[in-house]
Amino acid sequence: MSSTLGPVFMLTFSRGAQEGLLAAISCALGSALADGILFILSILGALRFVTQSNMMLVGLDSICVIALGWHGIKLLQAQYHGTFGATAAAHPSASGFWRALGFTLINPLTLMFFAIMGASLLPRT
């Protein structure tokens, strides 16, 4: 059994704890959709560029750090002001879905996993 405490898990857990089961399920569905998109892209060979360029990896890491930092700042502001989830009060699960989708799509470890998987499955040319 493995335990992963990455950004998507933390997003899903915090949404579920603050807003309930529907919000957590929405985050999980967003992450699953992103994994499906990355899987299809890896099978098509579209993620090969990730394994071929160190600059690409640095860029992806930087984007992920900025996005996670922004999310962390928003969580701290909401905690300080007591408004967690107030910005998405009308559609809490939709907000979690899109955040989980975005975090999963830009997560460098997820991208590397699917890029390496795709490279191992595709025939060498």
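A crossing of two helices is called left-handed if the near helix is turned anticlockwise from the far one by less than a right angle, and right-handed if clockwise. Keep that in mind for a pair of helices further down.

## What you're looking at

This is a predicted model, where local features need pLDDT of at least 70, side-chain atom pairs count only at pLDDT 80 or more, and totals for chains, interfaces and linings use all residues. Residues are numbered from 1 along each chain as its sequence is written, and side-chain values use heavy atoms, leaving out hydrogens and water.

The protein has six helices and zero strands, so defined as DSSP runs numbered from the N terminus (H or I, at least four residues, for helices; E, at least two, for strands). Of its 125 residues, 29% are buried, meaning under 20% relative accessible area; exposed is over 50%, and partly exposed is in between (1.4 Å probe, protein chains only).

Helix α2 (residues 21–43) packs against helix α6 (residues 108–121) at an angle of about 35°, and their axes are 8 Å apart. Those axes are lines fitted to C-alpha atoms, for helices over the stretch in contact, with angles running from 0 to 180 degrees between N-to-C directions. The α2 and α6 crossing is right-handed.

On the α2 side, the contact (heavy atoms within 4.5 Å) includes Leu-38 and Phe-39, and on the α6 side Phe-114 and Met-117 are among the residues involved. Sorted by type, the contact residues come out as seven nonpolar, three polar and one charged. Here Ala, Val, Leu, Ile, Met, Phe, Trp, Tyr, Cys and Pro count as nonpolar, Asp, Glu, Lys and Arg as charged, and the others, Gly among them, as polar.

## The nonpolar cores

A nonpolar core is a set of buried Ala, Val, Leu, Ile, Met, Phe, Trp, Tyr and Cys residues joined through side-chain atoms within 4.5 Å. The largest one has eight residues: Leu-38, Leu-47, Val-50, Leu-60, Leu-111, Phe-114, Ala-115 and Met-117. Helix α6 gives the most to this core, four residues. A separate core has six residues, including Leu-11 and Phe-103.

## One salt bridge

The count is one salt bridge, taken as a side-chain nitrogen of Lys or Arg within 4 Å of a carboxyl oxygen of Asp or Glu. Arg-15 pairs with Glu-19, their closest N and O atoms 3.3 Å apart.

Both sit in helix α1 (residues 7–19), four residues apart, so about one helical turn separates them. Arg-15 counts as buried at 4% relative accessibility, while Glu-19 is partly exposed at 26%.
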